[in-house]
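I opened my notebook on a new model today and kept the entries brief. Have a look at it with me before reading on.

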Amino acid sequence: MMTDTSNEDGSVMRRSFFATISAAAAVSLLPVDPAFASGGATAGKYTTIPIAKRRYYGRVQEAVHEFLLMGPAVVKADMSDPSIQNFFDLKGAVIVEARRQDINGQCTKKDQSCKGSEIRDSRYNDMKASMYLLGNAFRINQTKAPDNLPTVKAAKAFFKEMDKMEKNIKKKKTKDLDSVKLYTNALDILDTYLDLVELPPTDSGNYDQEFDTKVGRFSRIT
């Protein structure tokens, strides 16, 4: 991603970049013979925003980090690439780490196996849940329906593009220009969402790092 002092210019440059790559790929790949997540977040007041940030900032930022890691493979139109497959893999990410089930520090099970089971899911599914729940907290009153919030609208618009891409990648096509377009559309929508939830844009360099997804680790930008 190229960084620009203007978010608008950066978005235009990014779209131009993907359009150029996609056009080049389209020419080279032409055949010779043409032939919400949904969640139950409590309706929020102003005070729910900092709480939501503590709960979901780390998860959302890690998801954006992994979403951007797919970029180089996506522009090649190769949906079989591991970085893309892993993002949608239902066992690709540890959502909740295993916890020991000791009682007062002692394992009381006969087999002495007190380590609990971890919960795994795709990074994309966790992205959908955390983006929705974070967006739902950005409200000015409790009467506005979640679907009418700009943050939730942006999140759902992002999901719409990515859900289509998720279906495509199951086929593991190596010449999937449709998925390139879907990813590019989703990238622009994601920047809109990030701005609404007070997170840096995708081309800021903020997401070059990995993020701790534990609650409370990333409640603010430093």
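This is a predicted model: local features need pLDDT of at least 70, side-chain atom pairs count only at pLDDT 80 or more; totals for chains, interfaces and linings use all residues.

**Confidence first**

I then looked up the chain as a whole and found a mean pLDDT of 77, with 64% of the residues at 70 or more. Residues 1-7 have pLDDT below 50, and I noted 13 contacts there beyond near neighbours in sequence.

**The fold**

I counted 7 helices and 2 strands in the protein chain. Along the sequence they run α-α-α-α-β-β-α-α-α.

For burial, I noted that 41% of the 222 residues count as buried. The exposed surface comes to about 12,700 Å², of which carbon and sulfur atoms supply 51%.

**Helix H6**

Next I checked the length of H6, residues 150-169. With 20 residues at 1.5 Å each, the helix should span 28 Å, and I found its end C-alpha atoms 29 Å apart, which agrees.

Which residues of H6 are buried? My list has Thr151, Val152, Ala154, Ala155, Phe158, Phe159, Glu161, Met162, Met165, Glu166, Asn168 and Ile169. I reminded myself that an α-helix has 3.6 residues a turn, so residues three or four places apart point the same way.

Last, I looked up what the buried residues of H6 pack against: helices H2 (48-69), H3 (71-75), H4 (82-88), H5 (123-137) and H7 (177-196).

How values were computed: Residues are numbered from 1 along each chain as its sequence is written. Side-chain values use heavy atoms; hydrogens and water are left out. Helices (H or I, at least four residues) and strands (E, at least two) are DSSP runs, numbered from the N terminus. The expected span of a helix is 1.5 Å times one less than its number of residues. Buried means under 20% relative accessible area, exposed over 50%, partly exposed in between (1.4 Å probe, protein chains only). Contact means heavy atoms within 4.5 Å. Accessible areas come from the Shrake-Rupley method with a 1.4 Å probe; for residues, only the protein chains shown count as cover. pLDDT is the predictor's confidence in each residue, from 0 to 100.
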